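This report goes through one protein model, starting from a single residue and ending with the overall fold. The sequence and structure are shown below.

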Amino acid sequence: SDTDADTTTDADALRTPIVAVLGHVDHGKTTLLDRIRGSAVQEGEAGAITQHIGATAVPLETVSEMAGALVDPDDFDLPGLLFIDTPGHHSFSTLRARGGALADIAVLVVDVNDGFQPQTEEAIDILRRTGTPFVVAANKVDTTPGWNPQEGEPIQRSLEAQSDRAESRLNENLYELIGDLSDEGFSADFYWRVQDFQGNIGIVPLSAMTGEGVPDLLTVLMGLSQRFLKSEMSIDVAGPGRGTVLEVKEERGFGATLDAVLYDGVIRTGDTIVVGGQYDPIVTEVRALLQPRPNAEMRTEKRFEKVPEVAAAAGVKIAAPDLDEAMAGAPVRVVRDQTEEEVVAEVREELAEIEVETAEDGVVVKADTLGSLEAMANALEEAEIPILRAEVGDIAPRDVAVAETANEETHRVILGFNVDVLANAEEELETSDVRLFADDVIYQLVEEYEEYVDDLQRSQQETVLDQIVRPARFRILQDHTFRQNDPAVVGVEIVAGTVQNNRHVAKFQGSEPRRIGQLSGIQHQGDDVDEARAGERVSVAIDGPTVGRQIEEGDELWIELPEKHAKILEQELSDEIPADELEALNAYLQTRRKTDPFWGK
Ligand code: GDP
């Protein structure tokens, strides 16, 4: 049908905006996507919605049928909405395209009763960083006490059917949500009150369960896309396909395949493609393009059908040789107008943008996609945690081996975000001293690790403290000489610090501590003890001196500090020792440094 004259106008088409659905676990992402799919099937003509690999396409006609009076299809020329529907994969929000986010627009699902939760905050961070426009689906309005459900209705109609009591209960929750968003720096309001969607976030109260408010959500998404995304949706439908890998999956009969979302151009069977791999871009040829077979049993081998070509925006499974080392989140490019070398260079460049800076010593990081790896790297950089190695993929024995090579004990760890541990790596972990931290919330993962480091450092300091001579200053009490010598036994009061048995005892002459003997016993109220603390009165046995000659009643004595210990105490442990002990240390150092200013430095 294309004549030379109209190729340019025909080739330029508006593609479907790509929509991501994000939110905290259990807040209703899956139910919402099911509802959109289900009601689209009911309302639309058969086949109106298409199930893609990893995505569902809802055409404009279906949106307008579902939305009823809310949408006039004549107001729109975008073809519909493409929902990425692998929400288990919550980090797909970090998937990139052309240096930006893969999703053109996002729905942040929040349970109205539960409010903001860790993964909500994380999703907000990602949306903010990538500048992705979004709306908030305030889900589960039907759980409001006294709610009168209005299956599938627009929210205003549903609100009309509620008692004042139920509506004000819901509003309380919604205002709290507005407050949470404001704490995150977003001005938000009920979507019908928002005039300027560029500066404000629209909140759509809805129930994924009963479907009320879902027409509103589709309307808002359609409207936002039309107003703010239209200029970005213009694509050359005949141009080389560009997409992002969602997942690398083994399929019987095909080997490793890619589930990808195509955001630009077209991909055809037989095309040469370049895919970002673990080590290098992979150049291969498309053997088959697969779409789910409508109504097929998911378990049968015939669940896919081959299609000759797929145009953006769409989800597709790509079967091709040599895909084992492809990475989730990596770019896929069709080689058409450029040379293979040029496309390889472009893919390499795009991967380099995401490359994580590594250090000589540091932790090993594994994440499920390139985008989430990047988000992890950002979080670790902020926390000043160095990275030895960062890769996409499940935790393998090799990762344990790499982590073992870290010099510092605190670095002998693997931080896994949204990844599994392969069975043989599990064995390696058991026999090595490498610690694994795994979580699906980035900041929790970082926090867990930081707590571990704190604990480890504390216990290391405790061990050091156990081996170090502790400072103490004590005074021989008047009339408390129990034995003159061999050993001398006297009553003392500890002025500051900790007196430990077996330590050398010194007495200052000017600024010089003179060793006068060694402690050989401490008794507190008749019992032998290992140490005595500031404020206590104890009797001590000192081997060496004689009372009346080297020592006298009323004398001030010190535990003699080896220079090395004084230095460690002052420089590394001053936060760990009690205040009175620090006072004893400082008094000792001050006196000592009168004649030797660099002592213990
Ligand atoms: P996801 O983890 O975000 O995908 O959450 P799911 O969609 O799996 O939902 C978690 C639970 O909340 C499930 O038991 C759903 O049935 C329930 N749920 C989701 N949406 C609604 C809703 O609008 N109303 C009610 N009452 N329950 C809901």
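Asp 26 is partly exposed, because 13 other C-beta atoms lie within 10 Å, a count between the limits of 12 or fewer for exposed and 20 or more for buried. The model is a predicted one. Asp 26 sits in the loop between β2 (18–23) and α2. Its phi is near 75 degrees, which is a positive value in a residue other than glycine.

A positive phi is also found at Asn 418, where the angle is near 60 degrees and the residue is again not glycine. Asn 418 belongs to the loop between β25 (413–417) and α11 (423–431). Asn 418 is buried, because 23 other C-beta atoms lie within 10 Å and the limit for buried is 20 or more.

Two peptide bonds in the model are cis. One runs from Ala 312 to Ala 313, with omega near -10 degrees. Ala 313 lies in the loop between β20 (309–311) and β21 (314–319). The other joins Asp 486 and Pro 487, and omega there is about -15 degrees. Pro 487 is placed in the loop between β27 (472–483) and β28 (488–500).

| Site | Angle |
|---|---|
| Asp 26 | phi near 75 degrees |
| Asn 418 | phi near 60 degrees |
| Ala 312 to Ala 313 | omega near -10 degrees |
| Asp 486 and Pro 487 | omega about -15 degrees |

Next comes the ligand. Around the ligand there are 16 residues, and those that come nearest are Gly 28, Lys 29, Thr 30, Thr 31 and Met 209. Helix α2 (residues 29–43) supplies the largest share of this shell, with 3 residues. Sorted by class, the shell holds 8 polar, 4 nonpolar and 4 charged residues.

What does the protein contain in the way of helices and strands? There are 14 helices and 34 strands. Of its 601 residues, 44% count as buried.

How does the radius of gyration of the protein stand against that of a compact globule of 601 residues? The protein has 35 Å, whereas such a globule would have a value near 25 Å. Taken along the principal axes, the C-alpha atoms fill a box of roughly 115 × 65 × 45 Å. As for contacts between residues at least 6 apart in sequence, 70% join residues at least 24 apart.

Conventions: Residues are numbered from 1 along each chain as its sequence is written. This is a predicted model: local features need pLDDT of at least 70, side-chain atom pairs count only at pLDDT 80 or more; totals for chains, interfaces and linings use all residues. Helices (H or I, at least four residues) and strands (E, at least two) are DSSP runs, numbered from the N terminus. The radius of gyration is taken over C-alpha atoms; the globule rule is 2.2 Å times the number of residues to the power 0.38. Two residues are in contact if their C-beta atoms, placed from the backbone, lie within 7 Å. A residue is near a molecule or strand if its C-beta atom, placed from the backbone, lies within 6 Å of it. Ala, Val, Leu, Ile, Met, Phe, Trp, Tyr, Cys and Pro count as nonpolar, Asp, Glu, Lys and Arg as charged, and the others, Gly among them, as polar.
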